[in-house]
Amino acid sequence: MANEIMRSQESSPHLKGSHKNWRDVLRAAACCFGAFVLFSVVILIGGSQVQRLLWSSSDFLVRQARQPAPPFQFAQVLIDPSSLNMDQLPPEDIVASSTLTTMAAGFPWSRSVYADAIERLLGAGAKLIILDVLFPGERVGDEELRAVLAKYPGRVILMANYLEDQAVDGGVVIRREEPSPSVVAPGTAVGFANFWRDEDGVVRSAPFRMERLSGESFYSSPAVALGLLKGEAARDALPDSALFIPSIDGLAPNVRVPLWQIFSRREWAAQLKEGEVFRDRVVAIGAAAPQFHDEFQTPLGTYIGAGLHLAALGAAWDRRFYSIPNQSALLFFGFLGCVVTFLTWLLIKKTTFKILLLLFLAVASLPLAVAVLDTMDWMPPLAIFLIGMTVSSAASVSADLVAEGRERLRTRRALERYVSPGLTREILDHRAEFLQSLGGARREVTILFSDVRGFTARTEAGDPTEVFGELNEYFGHMVEEILKAEGAIDKFLGDGILATWGTLGWLSPKEAATAGIQCALAMRQALKSLNASRAARGLEAWEAGIGLHSGSVLFGNVGSQTRMEPTVIGDTVNLASRIEGLTKALGCDILISESCRELAGEITVYRSADLVQVIGRRAPVHVFALPPESFSQENLSMHEDAIRLFRSAKFEDSLSLFERLTVLHPEDKLSAIYQKRCRAFMESPP
């Protein structure tokens, strides 16, 4: 019957997980739709958390995307700690350069230093200089700086700056700070220096234009640079602000030099090749020393202000801007992730394959998203798509697990009408192997037979209701111990139990034998507890015999077309039954065959019980008993010596030892039986 139930369940499209079944389709659709509704609510009310997730996703894609490729290279001249300290140059080198002497006098420097730097770089063939230094108010050296700016009109960009001031009413007033008129020459280009960070402190967008209410436009340094290099039409075509992909390819390490090097004759000749490294490059001069705090975090890493101006210029030249999806697009991509999950659950049967396919699609979506960003300049919401897949997958997996649990419970209840709960568990856990084995399989197993002594006499004299009540109480205790030991109850034989270990091949022979012996010991203790309860109720104690044997059996279905059940057959089963039958004759409650003992090893204490000649076997079978708990190691040694003397036909010496054991343990029936045997053989030698 177990076989028929399992096969009928297996033939059900629902149990197979066939997503062509309408219930599975509706369940998957409901899970994905519910996940989308939950997901949509999170998107709509998520606020800053959702925004931070989108930022993290877009930053990741920006790092994978193609970077800008302007037709020129960049260079940075850094106002770094070495340019401020000037302790790396010998005094004679500093004295040899008036500019280095001025720098060594201490910061802030005379503005003539910047004039000398401009002269040096443009004279070496630099294409354009972005001077990322603010010049508010009049200072020493203004005349020199103004003169060099007049000499190179349209070749140097100075910086303006937007500042936030506190208004009287508590608000914020934006104020534009221009370079001092004392340094600005006719034709000098000026662009504002500001970059604004997002809420997480990362710069992702470049501002190119700010307009006054009067309509007058002010351009940023990168926008002004683009106009000087490519024409005002290119500058005017720029958006007011744009998310951009920074360019770092042009920032070669050998063209990131400290400011002092361009004034050192030795460095100018050796390292900078008489300024040749600056030829045809756009050069940015800016602060790099920590005390200036002129660093900006971007998706591609940390940039100083001068580097960020160059990066924005590169993006503007190559139009490496991108737009972000609106809220409707976010919801669509979340819905798309749910649809992908739904189709996967609909078309794929095995949960493992579903998960693997979804993982593959998640990984494959990355290069696709990068390709969209590179070709369409649009940032696909990859994180939203993946979250849609994840949420709907989690919902679908949970629903599948619940449905599978219900199905397993339904199958379990049906099976438990015909087979033991232990076997039911094994069947459900290893369904395919079980169905295959029902056709017939040879197994190395351990068999346990248990039988109540004197039960037949009780059934003849007792009340049927009381007899069955007491028998079921006994079975309840014994079955519980068998199931705890992971045994399978093959059948009930009146007042007897046939239990097995290893029939389905998931226990090794050693594990099966060990579990069987441990179960027998537990059944002994359970019977003691039951008898104590019965004594308190004025009922007679139960006695039971248990026989254990390990060996090869045939396991499979037996019966007819209308009634079948899985069972074990073979000589091992017969011998286990006969060993149980010897428990009464030998006065022992538990007997174990030699093969079972050898497999299990010394997991408990054994004592030799008898050599039994079994019909159909040439050699006698050595059986062992589990001694009473009151037996000491000395008693056990005395018993083994007595058995050895008995088998050596030294019956008088054996009798003496068994008599001593009886004095120590009057309840030991096995010693009394061997005393009778010794006396009988002394009177009539074998």
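Arg204 is buried, at 2% relative accessibility, where buried means under 20% relative accessible area, exposed over 50% and partly exposed in between (1.4 Å probe, protein chains only). The model is predicted: local features need pLDDT of at least 70 and side-chain atom pairs count only at pLDDT 80 or more, while totals for chains, interfaces and linings use all residues. Residues are numbered from 1 along each chain as its sequence is written, and side-chain values use heavy atoms, with hydrogens and water left out.

The side chain of Arg204 forms a salt bridge with that of Asp198 (2.8 Å, N to O); the term denotes a side-chain nitrogen of Lys or Arg within 4 Å of a carboxyl oxygen of Asp or Glu. Asp198 is partly exposed, with a relative accessible area of 22%. Both residues belong to a salt-bridge network that also includes Asp59 and Asp200. By this rule the count is 26 salt bridges.

Another salt bridge links Arg679 and Glu659 (3.1 Å, N to O). Arg679 lies in helix H26 (residues 669-683) and Glu659 in helix H25 (residues 651-664), so the pair ties together parts that are 20 residues apart in sequence. Helices (H or I, at least four residues) and strands (E, at least two) are DSSP runs, numbered from the N terminus.

Gln297 stands opposite Thr302 in S13.

Definitions and conventions. Pairing = 2+ DSSP bridges.
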